[in-house]
Amino acid sequence: MKRSRSFSLAGIPCIYYGTEQYLHNDTSGGTDPYNRPMMPGFSTTTTAYTLTNRLSALRRSNPAIPYGSMTQRWINNDVYIYERTFFGSVVLVAINKNETSGYSISGLNTSLPVGTQSIT
């Protein structure tokens, strides 16, 4: 998902108006004025809102995300894994564009401490 990737890169994340509410209108190809319709409501329970909120909090709490250097750790046609490090802070980002299945990876070298890591 592009949103998770932009939240884990340097710079200011760009969230378009209504993204967290699934606001979308393809009338006339989504060009003006259909690219910015009125939002009929607002919910803090959508999956997109919840994910955006969690990624924003994670970004604020781990300086490796906005300030860290970036190292590619794994790449193939479906999966991209990179690591951001900033002094003692580390974050590992794994993106799987295959929406229907997981992916097993072995022998991945990271800067994370040895042991079990939590997935946020």
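**The hairpin and its neighbours**

Phe86 stands opposite Ser89 in β3. The model is a predicted one, in which local features need pLDDT of at least 70 and side-chain atom pairs count only at pLDDT 80 or more, while totals for chains, interfaces and linings use all residues. Residues are numbered from 1 along each chain as its sequence is written, and side-chain values use heavy atoms, with hydrogens and water left out.

The strands β2 and β3 pair in the antiparallel sense over 8 bridges, where pairing requires that DSSP finds at least two bridges between two strands. Together β2 and β3 form a hairpin with 2 residues between them, and in this turn Phe87 has a positive phi of about 50°. Helices (H or I, at least four residues) and strands (E, at least two) are taken as DSSP runs and numbered from the N terminus.

In a regular strand the side chains alternate between the two faces of the sheet. In β3 the covered face carries Ser89, Val91, Val93 and Ile95, whereas the uncovered face carries Val90, Leu92, Ala94 and Asn96. One residue from each face can be followed further. Ser89, placed in strand β3, counts as buried at 18% relative accessibility, given that buried means under 20% relative accessible area, exposed over 50% and partly exposed in between (1.4 Å probe, protein chains only). Leaving out residues up to four places away in sequence, Ser89 touches Asn62, Pro63, Ala64 and Arg84, a contact being heavy atoms within 4.5 Å.

Leu92 also lies in strand β3, which spans residues 89-96, and with a relative accessibility of 30% Leu92 counts as partly exposed. When neighbours within four places in sequence are set aside, Leu92 is in contact with Arg73, Ile81, Tyr82, Glu83, Leu108, Thr110 and Leu112. Thr45, by contrast, is 47 residues from Leu92 in sequence and 26 Å from Leu92 in space, C-alpha to C-alpha.

Arg73 and Glu83, both among the contacts of Leu92, also meet each other, through side chains that form a salt bridge (2.7 Å, N to O). Arg73 belongs to strand β1 (residues 69-75) and Glu83 to strand β2 (residues 79-86), so the pair ties together parts that are 10 residues apart in sequence. The structure holds 1 salt bridge, defined as a side-chain nitrogen of Lys or Arg within 4 Å of a carboxyl oxygen of Asp or Glu.

Aromatic rings come next. The structure holds 4 aromatic pairs, where rings of Phe, Tyr and Trp (its six-membered ring) pair if their centres lie within 6.5 Å, and planes under 30 degrees apart count as stacked, over 60 as edge-to-face and the rest as tilted. In one of these, the ring centres of Phe42 and Tyr49 are 5.8 Å apart and the planes stand at 85°, so the pair is edge-to-face. Tyr67 and Phe86 form a tilted pair, 5.7 Å centre to centre with 45° between the planes. Tyr67 lies in helix α3 (residues 64-67) and Phe86 in strand β2, so this pair ties together parts that are 19 residues apart in sequence. Tyr67 counts as exposed at 59% relative accessibility, and Phe86 counts as partly exposed at 28%. Ring pairs link Tyr67, Phe86 and Phe87 into a cluster.
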